[in-house]
Amino acid sequence: MDLERQKHAPIYEALERFRKQRVVPFDVPGHKRGRGNPELVELLGEKCVSLDVNSMKPLDNLCHPISVIKDAEDLAADAFGAEHAFLMIGGTTSAVQSMILSVCKKNDKIILPRNVHKSVINALILCGATPVYVEPKTNEQIGIALGMETDKLKKVIAEHPDAVAVFINNPTYYGICSDLKSVVEISHAAGMQVLVDEAHGTHLYFGDELPLSAMQAGADYAAISMHKSGGSLTQSSILLTNNGVNADYVRQIINLTQTTSASYLLLSSLDISRRNLALRGKESFAKVIEMAEYARQEINAIGGYYAYGTELVDGAGVFAFDVTKLSVYTQGIGLTGIEVYDLLRDEYDIQIEFGDIGNILAYISIGDRKRDIERLVGALADIKRLYERDGSDLIDSEYIPPIVVKTPQDAFYSEKKTVPLTESKGMVCAEFVMCYPPGIPILAPGELVTQELIDYILYAGEKGCSLQGTEDPEVKNLRVIDVK
Amino acid sequence: MELWFSENHTENVKISIRVDKQLYSAQSEYQRIDVFESPEFGRFVTLDGDIIFSQADDFIYNEMVTHVPMSVHPCVKKVLIIGGGDGGVAREYSRYPEIEQIDVVESDDMFVEVCKEFFPETAKGFEDPRVNFFAADGLAFLRSKKDYYDIIVNDSTDPFGHTEGLFTKEFYGSCFKALKDDGIMVYQHGSPFYDEDEEACRSMHRKAYKSFPISRVYQAHIPTCPSGYWLFGFASKKYHPLNDFDPQRFKDRKLETWYYTTNLHRGAFMLPKYVEDLLEEEEDR
């Protein structure tokens with residue numbers, strides 16, 4: 001990384017030059033630097049709305065970057081150690097889908113774990129590829145799916161030598177990391193490309209004591225959620241490519257679904273966040289690690305809770321642990337994660353990232369302060385004091401292996417009918433059911449509905465998880481394939 | 001030369017104090033600390049531009065958070081003061097010989113040093129051998145304490161600055177846990193008059209009321225506070241501030257005070273209608 005070059009932020013600098021020129025706008029957006037919408041200016045501030053401008057020669061165009069956006073992408077590639085970086089403004093969802101669509105065509109096989117974000121399976125609906133799942137091991141104690149085991153990957157590759165790519169989410173939401181380097185070696189040896197959903201791993205590129213990043217491990221593609229640990233605005237993200245991937249083709253794929261009116265608020269936020277990470281990332285994430293470790297130690301001292309860390313590392317299911325993550329198993333105090341999540345928000349004014357059946361995840365980032373950590377720990381201690389109960393009736397399993405009957409695309413576009421969820425046993429699901437967050441499907445299109453799954457969905461709903469994905473907003477009915 | 005210190009009490013109201021000179025200014029890890037010398041209020045200290053106490057009126061705070069609970073609780077041995085960086089409250093408690101231990105927790109030790117330098121009379125509180133000082137976060141300090149203190153004083157005044165954590169449900173819960181079965185917590189309850197302070201005031205009462213079986217509010221007149229009117233909270237596991245009040249015990253002590261009297265003790269709990277109303281609204285939530 002060239003630190004002298006990294007001090008620049010080409011998009012930001014171009015916006016500053018443009019602002020000083022005081023150009024009269026006879027182009028979109030129609031609010032004209034906010035003058036046409038005073039209430040918007042009141043809400044967002046003059047500076048913010050004046051940066052909301054259209055693509056034009058001095059500011060480049062995200063659909064076909066040749067000047068400042070190209071420079072910003074080059075700097076991002078340099079900062080992340082990639083051959084090419086694409087600034088993305090449709091969330092990491094768009095980065096994940098673009099890398100899948102770049103690699104898979106209809107009927108191609110792609111190897112992946114099932115505990116992926118819904119955006120991955122949505123990409124398969126779009127392109128018609130066939131998923132081949134590598135079963136993740138589950139940690140019995142905390143009930144979460146772990147990383148991709150290399151032995152299982154080898155076995156799946158041997159059974160499906162015609163697959164074109166291996167997709168892996170690393171780290172997982174909970175901080176679990178796989179042996180990425182071996183995954184890359186094994187896949188490349190079989191002629192398959194490696195796609196990494198690194199939505200929860202931007203910081204891996206800027207820490208000395210953190211697990212290996214996708215680019216370091218030699219992966220071909222990685223989707224980086226800059227707006228998560230990287231500090232940029234919500235919806236902004238980066239797609240990285242390596243190993244001679246044809247960047248011009250990837251750009252065409254991105255342009256299939258990307259807006260032609262890219263927001264300069266998002267683009268400039270990516271630009272200055274990349275600069276910040278390149279110049280100060282190591283130092284900032286060292287502080288994040290220190291805070292997360294302190295929180296882990298204090299939460300474990302309360303008793304009942306289990307804030308897990310590197311002790312989970314076993315060289316297989318958990319090859320490494322991302323210590324910036326603060327995931328806490330809550331069933332030791334007799335409460336589900338979602339119950340603790342709700343209590344934190346409703347009773348203690350603390351919003352955490354998510355709670356599921358067994359765990360909560362508090363997102364610790366460059367914006368946190370020690371005193372906020374004290375509040376979180378204090379609140380967890382108080383919740384234990386006031387709400388602890390016998391938890392022997394709690395369900396603990398989070399991961400139920402799917403029974404795949406059809407590809408996601410075939411199932412999604414099949415003739416469908418609506419049946420009550422409770423009567424859908426034995427049918428093939430044609431839509432998603434998931435808790436959001438974390439957005440990992442419980443059921444995906446093409447999978448068989450079992451009684452275990454129905455019970456799990458009902459239980460998650462009863463405990464207060466936000467169930468989504470179905471046509472029925474109440475998630476009482478399910479769209480299934482209509483077999484006449 | 002005209003030199004004035006001004007503090008906005010709302011966007012549309014400010015209080016100004018003529019200043020002779022500024023004695024000190026620095027940025028600590030947590031906040032900006034300034035000390036001024038003034039003809040009307042003597043020396044006063046500000047944190048992030050808000051007056052924290054002045055030599056002229058700090059006796060009111062110190063007496064009200066000390067003698068009110070001390071005249072109710074029959075047997076106080078251990079006291080915890082959170083955010084008592086100036087030592088004034090510790091000094092007031094140290095006037096009671098039966099108290100065996102007074103712990104003071106303040107996260108900003110720079111503030112303590114400034115008080116020791118510019119307010120040596122107030123900071124004398126730290127010299128008493130029963131007083132122990134801890135430079136720590138209040139919430140973190142409380143976590144390991146259970147069934148330990150007779151009285152806890154939350155002497156922090158700002159529910160929005162770095163002491164925000166001391167105005168939360170987790171804080172009240174932690175105090176409840178750290179208090180003995182008949183313990184009392186008193187705390188700065190803010191000023192209810194201006195709209196922008198009212199919500200903080202309401203939220204404090206709501207949380208304390210839910211956390212403790214007895215939760216009452218009392219008042220004082222403090223000139224440098226917003227609208228000159230200030231409230232304190234009295235949250236207790238067993239003793240009621242009026243029903244269990246023992247005026248004779250206080251009188252027998254022959255302690256000299258400048259604000260507190262046993263008559264005032266009763267009167268302080270008699271609140272204006274609008275304050276009673278907003279507190280009751282929160283109790284009914």
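Trainee: In this predicted model, in what order do the three strands of the open sheet in chain A stand?

Mentor: The pairing in this sheet is antiparallel. β18 (441-443) and β19 (467-468) of chain A stand at the edges, so each has a single partner strand and one side without a neighbour in the sheet. The order is β18-β17-β19 (chain A).

Trainee: Which residue of β19(A) stands opposite Met434(A)?

Mentor: Start with strand β17 of chain A, residues 433-435. Two bridges join β17 to β19(A), and the two run antiparallel. Opposite Met434(A) stands Gln468(A).

Trainee: What angle does helix α16 of chain A make with β18(A)?

Mentor: Helix α16 covers residues 451-462 of chain A and packs on the sheet. It touches β17, β18 and β19 of chain A. Its direction and that of β18(A) make an angle of about 135 degrees.

Trainee: Which helix gives the most to the side of chain A that touches chain B?

Mentor: Here 13 residues of chain A are in contact with 13 residues of chain B. On the chain A side, α13 (337-348) and α14 (370-387) each supply at least two residues. With ten residues, the one that gives the most is α14(A).

Trainee: How many charged residues does that side of chain A have?

Mentor: Sort the side that touches chain B by class. Five residues are nonpolar and one is polar. The charged ones number seven.

Trainee: Where in chain B is confidence lowest?

Mentor: The mean pLDDT of chain B is 93, and 99% of its residues reach 70 or more. Confidence is highest in helix α2 (residues 67-70) of chain B, at 98. It is lowest, at a mean of 90, in residues 195-211 of chain B, helix α7.

Conventions: Residues numbered from 1 in each chain as written. Chains lettered and ligands numbered in written order. Predicted model: local features only at pLDDT ≥ 70, side-chain atom pairs only at ≥ 80, totals over all residues. Pairing = 2+ DSSP bridges. Helix = DSSP H or I, 4+ residues; strand = E, 2+ residues; numbered from the N terminus. Contact = placed C-beta atoms within 7 Å. Axes fitted to C-alpha atoms, helices over the stretch in contact; angles between N-to-C directions. Nonpolar A, V, L, I, M, F, W, Y, C, P; charged D, E, K, R; others polar. pLDDT = per-residue confidence, 0-100.
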